[in-house]
Amino acid sequence: MKPSVLQYLNLFLLFAFGGVTTIHVPDQDVLVSLCKLPLDGHFSFHDVSTAAWDFGNLSSFMPAAVLHPGSVDDIATTVRHVFLRGEHSMLTVAARGHGHSLRGQCQAAGGIVIKMESLQTARMKVHSGASPYIDASGGELWINVLHETLKYGLAPKSWTDYLHLTVGGTLSNAGVSGQTFRHGPQISNVNELEIVTGRGDIVTCSLEQNSDLFHGALGGLGQFGIITRARIALEPAPKMVRWIRVLYSDFTSFTEDQEMLISAERTFDYIEGLVIINRTGVLNNWRSSFNPQDPLWASQFETDGRVLFCLEMTKNYNPEEADNMEQEVNNLLYQLRYIPLSLFHTDVTYIEFLDRVHASEAKLRAKGMWEVPHPWLNLMIPKSSIHSFAREVFGNILEDSNNGPILLYPVNRFRWDNRTSVVIPDEEVFYLVGFLSSAPSLSGPHSVEHTLNLHRQIIEFSYKAGIGVKQYLPNYNTEQEWKAHFGARWETFQQRKNAYDPLAILAPGQGIFQKASLT
């Protein structure tokens, strides 16, 4: 049954008080034409409100329809249909994975949202051998990829901190975590992609085949095509992980130790840093999961009113290698300058460590805190500027870190492929800095307004001080800002857009290109 304009208006009224800020009433001819497409899956026209929400909970745009694809051909048919409507049609298409975008990037106001998790026809296939890999759908969750590869004693090399994200979603950005210093981001560990372009073509691409599209789509923010399949490099998976946390009070020692570890040949397998500003009960929280080296010291150590830095590291091992692991870990810890007695550690399975954030998610959901706004800010800071950045941000702008974790850890630039679309600082070592804020209050220090104001101060300082900052998961409001973000690479980015999505149909929520405005 075709939907009516009245039904759309009723839908708007129903959800207006739930945060929907924008609605485009679609042309009835458009909706009728979608109903006539030959598909293995189906369109939804009425239950589309969830596609107007994302994890950031800051932007909400109602689509005209949601496609539940039964095949890659469904996606290609839909995009081709929109493309053939021509430049005067304002219909757009957004691929939605697990909806973990922050500013409406997976939404399409008055357009079509493709529910990529519905794409089940492309079953995962693991290929073992000298260079093992897995073929996975772009709509597959990384946690499912992990479960499948572990059946063969294998696993992907590079991860994100949260595994309940889709393959296509993270590869459209970069995919970073504590393994990035060693293996590069997730986009550096992909052998092949299948992509539906903005013309509706299904294209297989790799280093050897259609390489321009391959590199463009990796970190391309969904601008050149929808990733429907990825061939991901694998390595032997360990069974166990030694998980370690230590504390620093001196920022120089904290950063120099991290930089030493990421440059060493024999080092930890995962390295991330956290900034702790004026927080109460941090070590008591750790003690619920970690064993303190000195329980008495841990119970008496005060974190209130202080800026501290946590270095989090892991060493992978198999049970029969436990003695060697202990020796390697002790040798590495001996070289570090953390606060004496501040060592915490635990041993967990490999999958428990990689899926660690999911346990926190379950607790937050139980408290109704998962669906609150998440005004995150993710930055890349050159090594030469990290001390100036830290002095101002952690010394003056931020009074505490109670709104959420602050990540700060270095990575090696040579592990990133500069042919991809992702933009990073020019220096050989740069820092990933993430302000992962939650804003559960309508006013005060835990509100969206207050948090965004702090983030504006951080960005304004960074630009005025010449920090050389680049945004990860970038969000800009003007073309000039996007041009500044891409710098000398803007021309290549625009050329690729003209080649693969000339009508600017795809990923409108990024706000980079507007339909019928490409010149």
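**Ground rules.** I am working with a predicted model, where local features need pLDDT of at least 70, side-chain atom pairs count only at pLDDT 80 or more, and totals for chains, interfaces and linings use all residues. Residues are numbered from 1 along each chain as its sequence is written, and side-chain values use heavy atoms, with hydrogens and water left out.

**Count.** I looked for salt bridges (a side-chain nitrogen of Lys or Arg within 4 Å of a carboxyl oxygen of Asp or Glu). I got 22 of them.

**Arg242 and Glu326.** I found this pair joined by a salt bridge, with the closest N and O atoms 2.7 Å apart. It links distant parts of the chain: Arg242 sits in strand β13 (residues 240-248) and Glu326 in helix α11 (residues 322-334), 84 residues apart. I took helices (H or I, at least four residues) and strands (E, at least two) as DSSP runs, numbered from the N terminus.

I then checked burial: buried is under 20% relative accessible area, exposed over 50%, partly exposed in between (1.4 Å probe, protein chains only). Arg242 is buried at 8%. Glu326 is partly exposed at 32%.

**Glu259 and Lys383.** Here I read 3.7 Å, N to O, for the salt bridge. This pair also links distant parts of the chain, 124 residues apart. Glu259 belongs to helix α8 (residues 251-263), while Lys383 lies in the loop between β18 (377-382) and α14 (386-397). Glu259 is buried at 16%. Lys383 is partly exposed at 38%.

**Arg365 and Glu371.** Their side chains meet in a salt bridge at 2.9 Å, N to O. Arg365 is partly exposed at 41%, and Glu371 is partly exposed at 36%.
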